[in-house]
Amino acid sequence: MIPLTKVQLPAEVEPLVLGVLRSGQLAQGELVATLEREFAALHDVAHAIAVNNGTTALIAALEVLDLQPGDEVITSPFTFVATLNAILQAGATARFADIGDDFNVVPDAVSGLVGERTRALLPVDLYGYPCDLDALAGIATAHGLPIVEDAAQAVGAICGSRHVGGFGIGCFSMYATKNLATGEGGMITTDDDALADRLRVLRNQGMRQRYQYEMAGNNYRLTDLAAAVGLPQLRELPATNERRQANAAKLSANLRGVDGLVVPPDPSPGRTHVFHQYTVRITDDAPVSRDEFVERVVGRGVGCGVYYPRAVFDYDCYRDHQRVVVDDVPAAHRAAREVASLPVHQFLTDGELDEISSVVTAVLRG
Ligand SMILES: *Cc1c(COP(=O)(O)O)cnc(C)c1O
């Protein structure tokens, strides 16, 4: 079986973790601080604040905006459920702008939803491909809105003049299967000194100094054990992302032109795709349905999964939710019917990439 994801940690992780265990300082400490410093440097931002997962990164980013009941946050309808859960957890109302061929929100659709109640834009860099963040930043500036970027899948990606995470408040996940994986973990980035300060205080029970509380906070801290798992991976991240890009290029060269399949769109100039997922569309003219495609590819020993099978709000618990506005998003519903992700991770061999391509091609020949 060629798995969709493979977790294989750099050799440097083990001595670093052992060092933490022997130090007796298991909670947030020196290694978290080092991880934050190097994460910020890699993304060319002033501040990175480590938190315990990517969902709390989003929640904390929204919490420091002081959202009030009735405030609307515009996001993508085609994303992992954490994006929506964070908006609801922060007490705001979710609105959904439809997506384009690249699976990310279309800036014009976002600006069409901006109204009096809009308080933030929450674009998602799906599969590791940055949104059109320059256009979104233009919309945000024109309306005086902050951008909270869900870059959970796009660690290390570049979008024009900046890295992801540098367009407002960036939220990253270090969940076990992400390109940078600490098991559980998250990171928040910003160039804004005051916001970074508030986020650090919020993360630690709203406490600046021992028992000096400045706000109603929470415990969003990361452990030094997790930082020890992440730090060597962070140092290898540019190489990891390059391997994923090379693997994606090879898959696309093999699969482009196969009837019934659309390869991921080429990145726009200046934008890098870090391929958290390599996702194709299985269209209506394919000889098999998308679900049959997935089943047959898996049956032939190649990992294949659907991210995501429905628009994020397309479940009873959200459709009936008072703070979820079900906007008209036909492109998101179509993507949910068509997408299938194939292995692209950095440990694939050339032989495995050829095997993936030939299995996919054979399945689509019927
Ligand atoms: C992984 C992910 C998250 C949440 O991250 P966790 O660390 O699992 O909480 C949020 N948004 C997107 C798009 C993700 O892929």
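These legends describe close-up views of a predicted model.

**View 1. Helix α8 crosses helix α12.** Two packed helices are described by the angle between their axes and the distance between the axes. Here, α8 spans residues 224-255 and α12 spans residues 350-364. Their axes come within 10 Å and cross at roughly 35°. The crossing of α8 past α12 is right-handed.

**View 2. Residues at the contact of α8 with α12.** From α8 come Asn 247, Lys 250, Leu 251, Asn 254 and Leu 255. They meet Asp 350, Leu 353, Asp 354, Ile 356, Ser 357, Val 360 and Thr 361 of α12. Sorted by class, this contact holds five nonpolar, four polar and three charged residues.

**View 3. Helix α12 and its buried residues.** The helix has 15 residues. From its first C-alpha to its last it reaches 21 Å, close to the 21 Å expected at 1.5 Å a residue. Buried in α12 are Leu 353, Ile 356, Ser 357, Val 359, Val 360, Thr 361, Val 363 and Leu 364. After α12 comes Gly 366, with a positive phi near 85°.

**View 4. A cis peptide bond at Tyr 308.** Most residues other than glycine have a negative phi, and most peptide bonds are trans. The bond from Tyr 307 to Tyr 308 is cis. Its omega is near 15°. Tyr 308 sits in the loop between α9 and α10 (316-319).

View 5. Phi of Tyr 127 is near 65°. This residue belongs to the loop between β4 (118-122) and α6 (133-143). Is Tyr 127 buried or exposed? Tyr 127 counts as buried because its relative accessible area is 2%, and buried means under 20%.

**View 6. Phe 275, in the loop between β12 and β13.** Phe 275 is not a glycine, yet its phi is positive, about 45°.

Terms used: Residues numbered from 1 in each chain as written. Predicted model: local features only at pLDDT ≥ 70, side-chain atom pairs only at ≥ 80, totals over all residues. Heavy atoms only, no water. Axes fitted to C-alpha atoms, helices over the stretch in contact; angles between N-to-C directions. Helix = DSSP H or I, 4+ residues; strand = E, 2+ residues; numbered from the N terminus. Left-handed = near helix turned anticlockwise from the far one by under 90°. Contact = heavy atoms within 4.5 Å. Nonpolar A, V, L, I, M, F, W, Y, C, P; charged D, E, K, R; others polar. Expected span 1.5 Å × (residues − 1). Buried < 20%, exposed > 50% of the residue type's maximum accessible area, 1.4 Å probe, protein only.
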